[in-house]
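Please read this briefing alongside the sequence and the coordinates. It is grouped by topic.

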Amino acid sequence: MLDFLKNLDRRWIFLAMLLAVAIPVVMQKTFPEKPTKLVQDAFDAIENLPDESNVLFSFDYEPSTEGELAPMAKALIRHCCLKRHKMFFMTLWPGGLPLIEQNIEDIISKEYEEEHFARGKDYLNLGYNAGREVAIIVMGTNFKRMFPTDNDKIPLDDPTLPMAHDIDRLDDMDLIVDISAGYPGMKEWVQYAASPYGIKLVIASTAVQAPQAYPYYPNQLTGVLAAIKGAAEYEAALGEKYPKYRDPAFNDAIRRMAPQLWAHLLIIGLILLGNGIYFAERIKGTRR
Amino acid sequence: MKSNIPWLIAAVTGCTMIVAWFVPVAKDWRDEAGTWYEILAAIAFVLGGANLFTQHLQKISARRAGWGYSAVTLVAFVGTLVVGLLKVGVIPDDPNYPWSGYHQEEGSALWWLFYYVYNPLTAAMFALLAFYVASAAFRAFRVKNAEATLLLSTAFIVLLGRTYAGAWLTSPVPDEYSALTFPGLTAIILGVFNTAGQRAIMIGIALGVAATSLKVLLGVDRSYLGSD
């Protein structure tokens, strides 16, 4: 038995992981979530802004991390729609642009169809900028130098885009929300936007990047959504305040916490099993 | 001359960025430098693409090991570039200008490639991590010494604390001792120990960046210009 376990084919482990994730996905079991202070602060940052405030979203991620970050993006946009904040979308990642378009289409245009959000009046897609952190630095004092037009090449001073007319500097934004998977992303927004201008900044980040966000909270970062757990907590906070959003259709992240639970338990079990084999072998070796 | 001019450009631009941070009058120079950076960053994409093309083409023509993968890379690269540049499947905004539509319009070939090829492939690559982490946890995570024991204990607490299992297992703990629950301990690990470690690393990196930047600006370090 010990030999079998010691030489366990890794395909059995892969199969166990597949089942640990697939079964909860099929079962659709969910667990209650309670927002931690980091997430509650992010929620309050959007909730406590006066209606129709300017919120800049930076989609600094690509499809590889969409499984983790898309539920955060959706929940944050829904919250801004409920408060009728004016949403500006941009990305510093080339693959982020289609994700912005998808979210605008799925959430603002379809979910909130009856609210009649208008492009240029209620939301604006500024598109992609290749300037990385330098783009943030220049936007700090001259927003329209980095984004003279929106993604449809319409100048920001055009009468059809009234929401952009008064935006000259980054601190004309009441809040920045960065959905970040790496560089350029969270750190650059902290260093070149939140710190020098004191703009409120909320971060939604992947699990691997989240530990780097903690040193900036609560001074430079107003709130942090860390990994799928952070997204689930945000959905719980949204459902608490707006009961309509307790519907599982709006709870992508909460539904993903069950597969995460079983995957974590499997990893713990595998570590214990691996160490059990290790100690059993050592005892066997000592006896010989 | 070959290294002096690029160094001079780097030094002048770097100094402009620093001066503009403290002297508001120099703000316009910084914005100008920023615009140039944006242009150069965009050109870097073209150079990167050309480099990728030549490297893989050389590998194929020399029939080096794994040249088949290079062929797949080239076909995917050229295919995506062509459908994007030629706006294949894009309906023109103005019938008089056949290329007037948006290059990533819904239903176009580039849109299709993004959503049905690039999107699932990159997501699948990232998802594979779970399988490799599980396999590595079984084979490599051993309690061999005190440091490994500390690492393992921390991993268990955080793994449990980030799921409902942690809250459920320590649910009998009264609220006044919530710091002793798995979620409470996870918050302490991330908020105290992790923050302290991260800050130390960040300060160290910042000092290193400042020193390296100074060497670059003064022309002491020119290694970034290449060896030629």
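This is a predicted model: local features need pLDDT of at least 70, side-chain atom pairs count only at pLDDT 80 or more; totals for chains, interfaces and linings use all residues.

Residues are numbered from 1 along each chain as its sequence is written, while chains are lettered from A and ligands numbered from 1 in the order in which they are written.

**Contact between chains A and B**

- Chain B brings 43 residues to the contact and chain A brings 44 residues, where two residues are in contact if their C-beta atoms, placed from the backbone, lie within 7 Å.
- On the side of chain B that touches chain A, at least two residues each come from helices H2 (27–61), H4 (109–140), H5 (146–161), H6 (164–169) and H7 (182–218) of chain B; helices (H or I, at least four residues) and strands (E, at least two) are DSSP runs numbered from the N terminus.
- H4(B) gives the most to that side of chain B, with 16 residues.
- The residues on the side of chain B that touches chain A comprise 25 nonpolar, 11 polar and 7 charged, with Ala, Val, Leu, Ile, Met, Phe, Trp, Tyr, Cys and Pro counted as nonpolar, Asp, Glu, Lys and Arg as charged, and the others, Gly among them, as polar.

**Packing of H5(B) and H7(B)**

- The axes of H5(B) and H7(B) lie 8 Å apart at an angle of about 120°; axes are lines fitted to C-alpha atoms, for helices over the stretch in contact, and angles run from 0 to 180 degrees between N-to-C directions.
- That angle makes H5(B) oblique to H7(B), since angles under 35 degrees count as roughly parallel, over 145 as roughly antiparallel, 65 to 115 as roughly perpendicular and the rest as oblique.
- H5(B) contributes B:Thr154, B:Ile157, B:Val158, B:Leu160 and B:Gly161 to the contact, and H7(B) contributes B:Phe182, B:Pro183, B:Leu185, B:Thr186 and B:Ile189.
- This contact of H5(B) with H7(B) has 7 nonpolar, 3 polar and no charged residues.

**B:Phe114**

- B:Phe114 lies in helix H4 of chain B and counts as buried because it has 20 C-beta neighbours inside 10 Å; 20 or more other C-beta atoms within 10 Å make a residue buried, 12 or fewer exposed, and numbers in between partly exposed.
- Not counting residues up to four places away in sequence, B:Phe114 touches A:Pro98 and B:Asn119.

**Strands of chain A**

- Strand S5 (residues 201–205) of chain A runs parallel to S6(A), joined by 4 bridges; two strands pair if DSSP finds at least two bridges between them.
- A:Val202 has A:Gly223 in S6(A) as its bridge partner.
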